[in-house]
Amino acid sequence: MTEDASGVSYKRADHGYFEKRGLQRYAGIWSLWALGVGAVISGHFSGWNFGFATGGWGGLLVAGMIIFVMYLGLVFCIAEMSPALPHTGAAYSFARTAMGPWGGFLTGLCENVEYVVTPAVIVTFITAYVNGIFGLDAAYSPLIWIATYAIFLVLNIFGVALSFRVTLIVTLMSLAVLVLFWVSAIPHMDFGRWALNIAPDGSELPAGNGSWFPFGISGVLATLPFAVWLFLAIEQLPLAAEESVDPKRDMPKGIILGILTLMVSAFMIV
């Protein structure tokens with residue numbers, strides 16, 4: 001059946017159309033948790049730290065709290081919507097249902113931009129680590145970008161089960177590295193010297209003990225884009241709704257456990 005809505009013509013497919021194109025249902029609560037946390041965890045290694053230069057330690061802490069509250073609200077919303085509309089389109093599907101084809105189009109376009117740009121940034125950070133570890137010349141970076149993208153692509157081509165298993169393993173290893181960092185760093189913390197060492201003009205205070213907010217409220221606002229790295233991309237989790245064994249039960253639990261995990265990790269890092 002062909003329908004017209006807001007200048008857009010499209011056909012309404014029957015149930016048989018979707019049954020032939022359904023995805024493999026594999027993911028349980030912990031697979032979804034790993035996917036949500038794994039999508040964000042790279043931002044706990046790089047990206048957020050640039051916020052020190054714009055807001056100081058206090059500015060980053062407050063900006064992180066603001067972003068967490070915003071993401072918590074977002075997570076509760078999509079935890080309700082993803083079981084009600086367990087479609088691969090996720091935010092696109094939500095927006096199309098609520099605002100029609102054009103609302104879905106704009107939301108889907110923005111979502112695609114996010115998920116194209118974010119992997120590019122992640123690969124850039126991975127390349128920086130590889131170059132630092134092996135002492136490679138930056139001229140070889142494009143080769144590492146291609147190799148990293150190829151690995152991600154192959155994991156998904158070989159099936160959802162392998163992809164979720166690798167995601168779970170990498171997420172657990174990443175969290176283990178962070179825990180090791182916290183345990184080894186906390187006994188050696190000199191808070192006043194290293195956390196409060198930025199002057200209002202942006203220079204370093206050799207003795208530390210500066211202001212919590214060296215750039216004031218404007219510094220907090222300028223730091224919000226960097227604090228986003230501590231939570232960015234967990235909103236992608238509803239994209240796996242059709243790969244969830246039981247979306248109504250597993251999706252809300254997986255995404256809420258994920259945001260709570262990220263909250264603890266973000267606080268410990270900052």
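**View 1. Arg193 and the ring of Trp194.** In this predicted model, the charged end of Arg193 sits over the ring of Trp194, 4.0 Å from the ring centre (criterion: NZ of Lys or CZ of Arg within 6 Å of the ring centre and within 35 degrees of the ring normal). Local features need pLDDT of at least 70 and side-chain atom pairs count only at pLDDT 80 or more, whereas totals for chains, interfaces and linings use all residues of the predicted model. Residues are numbered from 1 along each chain as its sequence is written, and side-chain values use heavy atoms, with hydrogens and water left out.

**View 2. Aromatic pair Trp102 and Phe105.** The model holds 10 aromatic pairs (rings of Phe, Tyr and Trp, the last by its six-membered ring, with centres within 6.5 Å; planes under 30 degrees apart are stacked, over 60 edge-to-face, the rest tilted). Trp102 and Phe105 form an edge-to-face pair, 5.8 Å centre to centre with 85° between the planes. They are 3 residues apart in helix α4, and are therefore separated by about one helical turn (helices are DSSP runs of H or I, at least four residues, numbered from the N terminus). Trp102 is partly exposed at 46% relative accessible area, and Phe105 is partly exposed at 43% (buried is under 20%, exposed over 50%, partly exposed in between; 1.4 Å probe, protein chains only).

**View 3. Aromatic pair Phe125 and Trp229.** The ring centres of Phe125 and Trp229 lie 6.0 Å apart with planes at 75°, so the pair is edge-to-face. Because Phe125 belongs to helix α4 and Trp229 to the loop between α8 (216-227) and α9 (247-269), the pair ties together parts 104 residues apart in sequence. Phe125 is buried at 18% relative accessibility, as is Trp229 at 17%.

Definitions and conventions: Helices (H or I, at least four residues) and strands (E, at least two) are DSSP runs, numbered from the N terminus.
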